[in-house]
Amino acid sequence: MVVAANKSAVGRASTPAKAATKSPARRSDKMAVPEFTKAEELDAYRRMLEIRRFEEKAGQLYGMGLIGGFCHLYIGQEAVVVGMQSALKEGDQVITGYRDHGHMLACGMDPKGVMAELTGRRGGYSKGKGGSMHMFSTEKGFFGGHGIVGAQVSLGTGLAFASHYRDNGGVCLTYFGDGAANQGQVYESFNMAELWKLPVVYIIENNKYAMGTAVNRASAQTDFSKRGSSFNIPGEQVDGMDVRAVRAAGERAVEFARGGKGPYILEMLTYRYRGHSMSDPAKYRSKEEVQKMRTEHDPIEQVRNRLLEKKWATEEELKAIDAELRDQMNAAADFASADPEPDPSELYTDILR
Ligand SMILES: Cc1ncc(C[n+]2csc(CCOP(=O)(O)OP(=O)(O)O)c2C)c(N)n1
Ligand SMILES: [Mg+2]
């Protein structure tokens, strides 16, 4: 697949030659997806499968009544966080919305601590008091987990402002959905980020739906890579189901932002296989549509097929990785089921008054 650079991101598609010197968004060439080495393919396979197996286990625990409240699974979108994370350095920051378990694992957070937070137990990242949408790890550079659609965009811009102010070379990856992209604060953030050349990469995870609303029913401009046009923010549309394309685009965007050139937008064309949350029967789309994405574009299958085709791994070796991850997630689930709930005295701790 090909990453299409958005040649008209600043509304000057008719003058690409002049514009080409100014920002990558104005390139009109098509870029081939760079190949991964064997080690990179194996690493991507493991990291994406880790997220998938975690999410499947979380779905099971939800079905057993062990997880309360909302639970938004990331299954299908794994290539986005895995590819983007590989473009980061120690000290960089990540922030996202409520579909956040994959982002946490990609940042290196412990599946046990994440699972125990989902079940509301002491060993959870927020001591069992936050749940799926309220988890953080400043050590791992993960800043939530936000339930208010779009709120993380201004917060991520603020994190980038802090890095800029401290001149520490940090970049903030700010993830949000196609639905969130229609929020007003997103554009206030874009304006400030470009004005002050903040080191932020805005990653729009276009999974085609915002709850039950398809993108074309809610958005006047469905090419989200162009959403920064009025602010001169470059943008690219990326095949978000191909981890190699994601990493290549991520590296370009992070380098741009880290180099003091300001914000960059990456629209990831992706898809969620499950409903919006666990309580969504997903009647707004056909089973065939989901099945088609799973069979033709699955991010993990793509890597698996390449590994097998190139004889870089055998079926048995890949199965062994899978078995190891399943064991890890079973252990996380056991911990998250057996760990005690927080003591009632914790009701009065960690509260801003
Ligand atoms: C300010 C605000 N408005 C509405 C909601 C309800 N809501 C929760 S998720 C969601 C859809 C967002 O979709 P999108 O940004 O595409 O993200 P996705 O769920 O597809 O990852 C809505 C409307 C909310 N949480 N916050
Ligand atoms: Mg969406």
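Two residues are taken to be in contact if their C-beta atoms, placed from the backbone, lie within 7 Å. In the predicted model described here, Val-201 is, on this criterion and leaving aside its neighbours within four places in sequence, in contact with Val-171, Leu-173, Thr-174, Ala-253, Val-254, Ala-257, Tyr-264 and Leu-266. Val-201 also belongs to the largest nonpolar core, a set of 83 residues, and is listed there with Met-48, Ile-203, Val-246 and Leu-266 among those that have the most contacts inside the core. The largest share of this core, amounting to 9 residues, is contributed by helix 9, which covers residues 243-258. In soluble globular proteins, nonpolar side chains tend to be buried together.

The chain as a whole contains 12 helices and 9 strands. Its radius of gyration is 20 Å, close to the 20 Å given by the globule rule for 353 residues, so the chain is as compact as a globular protein of that length. Taken along the principal axes, the box filled by the C-alpha atoms is roughly 65 × 55 × 40 Å, and 49% of the 353 residues count as buried. Of the contacts that link residues at least 6 apart in sequence, 74% join residues at least 24 apart. An unreviewed UniProt entry lists residues 46-344 as "domain: Dehydrogenase E1 component"; in the model, this span is 45% helix and 10% strand, and its end C-alpha atoms lie 39 Å apart.

Val-80 is located in helix 3, formed by residues 78-85, and it counts as buried because it has 30 C-beta neighbours inside 10 Å, where 20 or more are required. Apart from its neighbours within four places in sequence, Val-80 is in contact with Glu-205, Gly-240, Val-246, Met-268 and Thr-270. One of these contacts of Val-80, Val-246, is itself listed among the residues with the most contacts inside the largest nonpolar core.

Ligand 1 is surrounded by 14 residues, of which Val-149, Gly-177, Gly-179, Ala-180 and Ala-210 are the closest.

Most residues other than glycine have a negative phi, and most peptide bonds are trans. The peptide bond from Gly-144 to Gly-145, however, is cis, with omega near 20°, and Gly-145 is found in the loop between helix 5 (111-118) and helix 6 (151-166). Positive phi values in residues other than glycine are found at Lys-208, where phi is near 80°, and at Ala-282, where phi is near 55°. Lys-208 is placed in the loop between strand 5 (200-206) and strand 6 (209-210), whereas Ala-282 is found in the loop between strand 9 (264-269) and helix 10 (287-297). Lys-208 counts as partly exposed because it has 17 C-beta neighbours inside 10 Å, and Ala-282, with 16 other C-beta atoms within 10 Å, is likewise partly exposed.

How values were computed: Residues numbered from 1 in each chain as written. Chains lettered and ligands numbered in written order. Predicted model: local features only at pLDDT ≥ 70, side-chain atom pairs only at ≥ 80, totals over all residues. Near = placed C-beta within 6 Å. Core = buried A, V, L, I, M, F, W, Y, C linked by C-beta atoms within 7 Å. Buried ≥ 20, exposed ≤ 12 C-beta atoms within 10 Å, placed from the backbone. Helix = DSSP H or I, 4+ residues; strand = E, 2+ residues; numbered from the N terminus. UniProt positions renumbered as here; feature names shortened; annotations may be inferred. Rg over C-alpha atoms; globule rule 2.2 N^0.38 Å.
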